[in-house]
Amino acid sequence: MRRPEPLEIFQPTSIREAGALVKEKGPGGRFLAGGTDLVIAVKEKSFSPKYVVDLKRIPGLSGIREEADGGLKIGSLTTLREVEISPIILKRFPFLAQSAAEVGSVQIRNRATIGGNMANATPSADVAPALLALEARARIAGLNGERVVELEQFFRGPGQTVMAPEEILTEIIIPPANPSLVGEYIKFSPREMMDLAYIGVAVAFVFNASQKLCEKVRIALGAVSPTPMRARGAESLLEGQVLTEELAEKAGAEAARECKPISDVRSSADYRRDMVRVNTKRALLNAAAQRPGKWTERRDRRY
Amino acid sequence: MKKTIHVTLNGRPTNLEVPAHRLLLDLLRDEIGLTGTKEGCGTGDCGACTVLLDGKPVNSCLIFSGELDGADIVTIEGLKIGPELHPVQKAFIQDGGAQCGYCTPGMLMMAKSLLDENPDPSDEEIRFALSGNLCRCTGYAKIVQAVQDAAAELRAKRAG
Ligand SMILES: Cc1cc2nc3c(=O)[nH]c(=O)nc-3n(C[C@H](O)[C@H](O)[C@H](O)COP(=O)(O)OP(=O)(O)OC[C@H]3O[C@@H](n4cnc5c(N)ncnc54)[C@H](O)[C@@H]3O)c2cc1C
Ligand code: FES
Ligand code: FES
């Protein structure tokens with residue numbers, strides 16, 4: 001395996017210092033969080049960053065906080081393992097914890113950060129669909145202050161985000177959610193672990209269980225377009241409706257119609273589309289059933 | 001670009017002068033001479049390079065030395081408790097959890113960290129924890145058995 005070329009690693013202790021370093025050193029540098037995407041790019045894709053700015057010494061960038069209004073803030077350097085086992089996330093948004101748990105291995109998740117999963121902007125990033133379904137926002141710090149963008153607007157294409165090179169993703173903001181919100185994430189991949197998603201589906205909706213009524217339906221898809229995407233047509237089919245198996249099937253078909261998959265080494269576009277159809281339906285029905293128990297026990301991917 | 005880092009390695013405070021881009025795996029094997037940690041894939045997929053960093057299992061093939069100032073690192077060479085093998089090591093020997101042995105250092109570091117967090121795991125939990133550790137030889141059944149036996153031994157020790 002290829003080894004990295006010599007490079008300088010800076011460890012700034014403030015956001016301002018980190019941004020200023022990139023401004024000063026110029027193009028060709030990279031921020032470093034857990035390194036699980038960056039070191040792979042160096043080793044497998046022959047990417048040679050001119051310098052690396054490690055964000056891990058900047059205080060205040062990691063941790064999960066519940067806000068007074070019921071919203072949640074997740075620091076960008078929070079590891080995916082922390083998201084996976086966080087009691088507050090497991091209680092409020094178990095499907096978000098699960099989507100983090102689906103990434104790589106325990107070793108990878110001990111390093112991989114939620115900010116890195118977003119900033120790397122891989123179409124198949126596992127945590128993106130769940131965050132899109134929760135209508136999360138991204139807080140970005142630059143040299144001239146901060147801005148907050150909808151996560152949906154954050155992604156621009158494979159590996160592309162709205163951030164300028166010196167900007168840092170500091171926080172993921174999850175707005176307050178209705179206590180009756182239910183959700184599910186399904187990562188569809190042939191291997192149960194250590195595989196990238198052929199497709200990913202996250203659903204979240206406010207569910208009146210006695211009447212089976214769905215509101216505020218959000219459906220997000222991974223690995224089927226240049227960026228993680230919302231399936232708005234499928235959402236509107238369900239909005240304000242009583243959830244039935246037939247309707248879930250229709251929503252799945254609509255999601256399959258509106259996604260834009262490509263064929264690659266993992267899967268053909270047609271297969272991806274069909275898996276979106278099946279797994280959107282399944283995610284909706286699973287979310288509504290709110291089955292207890294661990295996701296590893298209830299996941300159902302074999303046919 | 002050389003960088004001076006201060007780390008605790010297998011319990012011993014150590015000062016090292018290392019090129020910042022040197023991977024932790026290469027630092028351990030080639031510069032320090034701790035060759036217990038193995039390289040399988042070099043890309044985070046196989047777990048053979050697993051070490052504990054600040055108490056948590058990580059892939060040493062994906063970490064720059066330049067990130068490590070202040071880190072606490074434990075490798076397979078530091079797993080023994082005094083002169084005695086750790087219960088996970090004994091159980092792997094006793095149960096045939098190792099054949100060629102290439103995956104074993106990573107498996108043992110992962111098994112130790114699992115049992116530190118969860119003293120009584122189910123087989124399913126063991127398999128989940130070890131899903132980033134590939135073994136081409138054993139078929140995993142004996143590894144899961146060894147982790148169960150080590151867990152029982154550790155629980156008995158704690159109770160006793
Ligand atoms: C073996 C293996 C298995 C994997 N499996 C999966 C999987 O199943 N699912 C999945 O989604 N991913 C997977 N990944 C990819 C990777 O682990 C994740 O995308 C991870 O979340 C990346 O986070 P990181 O902190 O390691 O990012 P890094 O590698 O540190 O950074 C990635 C990129 O984002 C930039 N960046 C990071 N943080 C910030 C920030 N706060 N502000 C601005 N820019 C930033 C960096 O400059 C870099 O360009 C896998 C990787 C490996 C090696
Ligand atoms: S060598 Fe590090 S995971 Fe394979
Ligand atoms: S014992 Fe040979 S690879 Fe596991």
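Q: What makes up the area buried between chain B and chain A?
A: Buried area is the accessible area (1.4 Å probe) that two parts lose on being put together, summed over both. For chain B and chain A that comes to about 2900 Å², with carbon and sulfur atoms giving 58% of it. B:Phe64, B:Glu67 and B:Phe128 supply 23% of the area that chain B buries against chain A, more than any other three residues. This is a predicted model, where local features need pLDDT of at least 70, side-chain atom pairs count only at pLDDT 80 or more, and totals for chains, interfaces and linings use all residues. Side-chain values use heavy atoms, leaving out hydrogens and water, while residues are numbered from 1 along each chain as its sequence is written, and chains are lettered from A and ligands numbered from 1 in the order in which they are written.

Q: How many residues does each chain bring to the contact?
A: Contact means heavy atoms within 4.5 Å. Chain B brings 37 residues and chain A brings 36 residues.

Q: Where does ligand 1 lie, and which residues come nearest?
A: Ligand 1 sits between chains A and B. A residue counts as near when one of its heavy atoms lies within 4 Å of the molecule. There are 36 residues around ligand 1, and A:Phe31, A:Thr36, A:Asp37, A:Thr113 and A:Asp126 come nearest. By class, that shell has 17 nonpolar residues (Ala, Val, Leu, Ile, Met, Phe, Trp, Tyr, Cys and Pro), eight charged ones (Asp, Glu, Lys and Arg) and eleven polar ones (the others, Gly among them).

Q: What makes the pair formed by A:Asp37 and ligand 1 a polar contact?
A: A polar contact is a pair of N or O atoms within 3.5 Å; within protein, one must be able to donate a hydrogen and the other to accept it, and residues adjacent in sequence count only if both atoms are side-chain atoms. A polar side-chain atom of A:Asp37 lies 2.6 Å from an oxygen atom of ligand 1, so the pair falls within the 3.5 Å limit. Backbone N or O atoms get involved too: one of A:Phe31 is 2.6 Å from a ligand 1 oxygen, and one of A:Gly35 is 2.8 Å from a ligand 1 oxygen. On its own, ligand 1 has 990 Å² of accessible area (Shrake-Rupley method, 1.4 Å probe; for residues, only the protein chains shown count as cover), and the protein covers 93% of that.

Q: Why is B:Gln148 called buried?
A: Buried means under 20% relative accessible area, exposed means over 50%, and partly exposed is in between (1.4 Å probe, protein chains only). B:Gln148 has 19%, so it counts as buried. Apart from its neighbours within four places in sequence, B:Gln148 is in contact with B:Pro121, B:Ser122, B:Asp123 and B:Ile126.

Q: Why does A:Arg81 count as buried, and which residues is it in contact with?
A: The relative accessible area of A:Arg81 is 12%, so the label is buried. A:Arg81 lies in helix H3 (residues 80–85) of chain A. Setting aside neighbours within four places in sequence, A:Arg81 is in contact with A:Val106, A:Arg109, A:Asn110 and B:Glu117. Its side chain also makes a polar contact with that of A:Glu84, at 2.9 Å.

Q: What about A:Arg282: why is that one called buried?
A: A:Arg282 has a relative accessible area of 19%, so it is buried. You'll find A:Arg282 in helix H12 (residues 269–289) of chain A.

Q: Why is A:Lys212 called partly exposed, while A:Lys216 is called exposed?
A: A:Lys212 has a relative accessible area of 41%, so it is partly exposed. A:Lys216 reaches 53%, so it counts as exposed. A:Lys212 is in the loop between strand E12 (199–208) and strand E13 (213–222) of chain A, and A:Lys216 is in strand E13.

Q: What makes the phi values of A:Lys212 and A:Lys216 worth a look?
A: Most residues other than glycine have a negative phi. Phi is positive at A:Lys212, near 60 degrees, and also at A:Lys216, near 50 degrees.

Notes: Helix = DSSP H or I, 4+ residues; strand = E, 2+ residues; numbered from the N terminus.
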